[in-house]
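Here is a short report on one protein model. Keep the sequence and the 3D view open as you read.

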Amino acid sequence: MVAAHVRSAEDAAEALRAGLAAVGLVLPGLRIVPASCLGDAPVPLVDLGRCDLGTALRLGAVLAVQQEGAGDDVHA
């Protein structure tokens, strides 16, 4: 079960990495937080890491376009 949780987090991080790359964004620090995978009942965390100002601005712009296109269908 522990391995399944960790694998799910790795899959989520990879899907996020691929989705960001598809819109021209790279978050070099995107990774799984190793300490969050420890213990009998791990709760793996995906760390988005740090990015420069240009990347942050592009990410904000992409999200704004997505939100405009989704209208009321946006879910948090």
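C37 is buried, at 17% relative accessibility. Buried means under 20% relative accessible area, exposed means over 50%, and partly exposed lies in between (1.4 Å probe, protein chains only). C51 is partly exposed, at 36% relative accessibility.

A disulfide is a covalent bond between the sulfur atoms of two cysteines. How many disulfides does a search of the whole structure find? The search finds 0 disulfides. The test for a disulfide is a pair of cysteine sulfur atoms within 2.5 Å.

## About the model

The model is predicted: local features need pLDDT of at least 70, side-chain atom pairs count only at pLDDT 80 or more, and totals for chains, interfaces and linings use all residues. Residues are numbered from 1 along each chain as its sequence is written, and side-chain values use heavy atoms, with hydrogens and water left out.

## The nonpolar core

C37 also belongs to the largest nonpolar core. This core has 9 residues: V6, A9, A13, L20, L25, L27, L30, I32 and C37. Helix α1 (residues 2-22) gives the largest share of the core, 4 residues. A nonpolar core is a set of buried Ala, Val, Leu, Ile, Met, Phe, Trp, Tyr and Cys residues joined through side-chain atoms within 4.5 Å. Helices (H or I, at least four residues) and strands (E, at least two) are DSSP runs, numbered from the N terminus.

Now take I32, a core member. Which residues does I32 contact, leaving aside its neighbours within four places in sequence? They are A9, E10, A13, C37, L45 and V46. Contact means heavy atoms within 4.5 Å.

Side chains of opposite charge can pair when their charged atoms come close. The structure holds 4 salt bridges. A salt bridge is a side-chain nitrogen of Lys or Arg within 4 Å of a carboxyl oxygen of Asp or Glu.

R7 pairs with E10, and their closest N and O atoms are 2.9 Å apart. Both residues lie in helix α1, 3 residues apart, about one turn of the helix. R7 is partly exposed at 47% relative accessibility. E10 is partly exposed too, with a relative accessible area of 36%. R7, E10 and D11 are linked in a network of salt bridges.

E14 pairs with R17, with the closest N and O atoms 2.8 Å apart. These two also lie in helix α1, 3 residues apart, about one turn of the helix. E14 is partly exposed, with a relative accessible area of 43%. R17 is partly exposed, at 35%.

## R31 and its partners

R31 lies in strand β1 (residues 31-32). R31 is partly exposed, with a relative accessible area of 40%. Leaving aside neighbours within four places in sequence, R31 is in contact with R17, L45, V46 and D47. R31 and A13 are 18 residues apart along the chain, and their C-alpha atoms are separated by 6.6 Å.

D47 forms a salt bridge with R31, and the closest N and O atoms are 3.6 Å apart. D47 lies in strand β2 and R31 in strand β1, so the pair ties together parts that are 16 residues apart in sequence. D47 is partly exposed, at 27% relative accessibility.

## The loop between the strands

S36 sits in the loop between β1 and β2 (46-47). Is S36 buried or exposed? S36 is buried, with a relative accessible area of 10%. The side chain of S36 reaches the backbone nitrogen of L45 at 2.8 Å. This is a polar contact: a pair of N or O atoms within 3.5 Å; within protein, one must be able to donate a hydrogen and the other to accept it, and residues adjacent in sequence count only if both atoms are side-chain atoms. Leaving aside neighbours within four places in sequence, S36 is in contact with P42, V43, P44 and L45.

A41 is found in the loop between β1 and β2. A41 is exposed, with a relative accessible area of 65%. A41 and H5 are 36 residues apart in sequence and 8.9 Å apart in space, C-alpha to C-alpha.
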